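These are my notebook entries on a structure that is new to me. The sequence and the model come first, and my notes follow.

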Amino acid sequence: KTAAYVNGGYHGEDFNADLSGINYRFLGNNESGINLSAFVVANPGFNASDADILQGMKDRKISGDLGLNADIKLGRGTLSSKFQHDVTGVYDGYQADITYYQPMNIGFADFVPYAGVHYYSKDFVNYYAGVSKSDATNERAAYTGDGAFAYKAGYALVIPVTEHLDITQATGYSRLSSDMADSPLIDSNNQWVTTLGVSYSF
């Protein structure tokens, strides 16, 4: 599926806010070995009209999580860990993540490969990927999952065009564990996302 989106916001030294979320660093700075921050982020919902397999199901709402993030400098990169919990009462579960980022300059651009693992609690899996008995059909079996992992790797490539203008291309791959991938709403264990963007800062 291909889509276009527009984002905008404020990015400062310790506080960032845009359409993807809000983040506040309350311990550390850019030179510190450890940084701690709090963040708010949304999880997208979906409508029954978004795909054929969803026809007749109840819509899933957008949810909001409050979380804590710890970044630890490790070698030339950063080990980033996150824990976040639903605060909107939509799925009443949590997520956790640990990812290692290795930024490097390759002359014409900054290249940031990463690898990590993300955990989705049972409540998240069953709200967003579960199928209740009332939503089950001949083509869509009832499904109840458990906590699930997503093993991920990818990169971001940031190409500066001018002092204020950057082009960013990113690609990410995730391998879902069977507790989520076995849902009839998910067509494959293997998930790919590729983005191309232009950003302007002032």
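This is a predicted model: local features need pLDDT of at least 70, side-chain atom pairs count only at pLDDT 80 or more; totals for chains, interfaces and linings use all residues.

Residues are numbered from 1 along each chain as its sequence is written, and side-chain values use heavy atoms, without hydrogens and water.

**Entry: overall layout**

I looked up the secondary structure and found 2 helices and 12 strands; these are DSSP runs numbered from the N terminus, helices being H or I with at least four residues and strands E with at least two. Along the sequence the order is β-β-β-β-β-β-β-β-β-α-β-β-α-β. I recorded that 31% of the 202 residues are buried.

**Entry: salt bridges**

I counted as a salt bridge a side-chain nitrogen of Lys or Arg within 4 Å of a carboxyl oxygen of Asp or Glu. The structure holds 3 of them.

Which residues are linked with Arg 25 in a network of salt bridges? I found Glu 13 and Asp 14 in that network. Glu 13 and Arg 25 meet at 3.7 Å, N to O. Glu 13 lies in the loop between β1 (9-11) and β2 (15-18), whereas Arg 25 is in strand β3, 12 residues apart. Glu 13 is exposed, at 53% relative accessible area, while Arg 25 is buried, at 12%. For Arg 25 and Asp 14, the closest N and O atoms are 2.8 Å apart. Asp 14 counts as partly exposed, at 30% relative accessibility.

I then turned to Asp 97 and Lys 152, whose side chains meet at 2.7 Å, N to O. Asp 97 is in strand β7 (residues 94-101) and Lys 152 in strand β10, so this pair ties together parts 55 residues apart in sequence. Asp 97 is buried, at 11% relative accessibility.

**Entry: nonpolar core**

I took a nonpolar core to be a set of buried Ala, Val, Leu, Ile, Met, Phe, Trp, Tyr and Cys residues joined through side-chain atoms within 4.5 Å. The largest one has 20 residues, and Tyr 120, Phe 124 and Leu 185 are among those with the most contacts inside it. Helix α1 gives the largest share, 4 residues.

With contact meaning heavy atoms within 4.5 Å, I listed partners of Leu 185 beyond four places in sequence, including Phe 46, Ile 53, Tyr 128 and Arg 140.

How values were computed
Buried means under 20% relative accessible area, exposed over 50%, partly exposed in between (1.4 Å probe, protein chains only).
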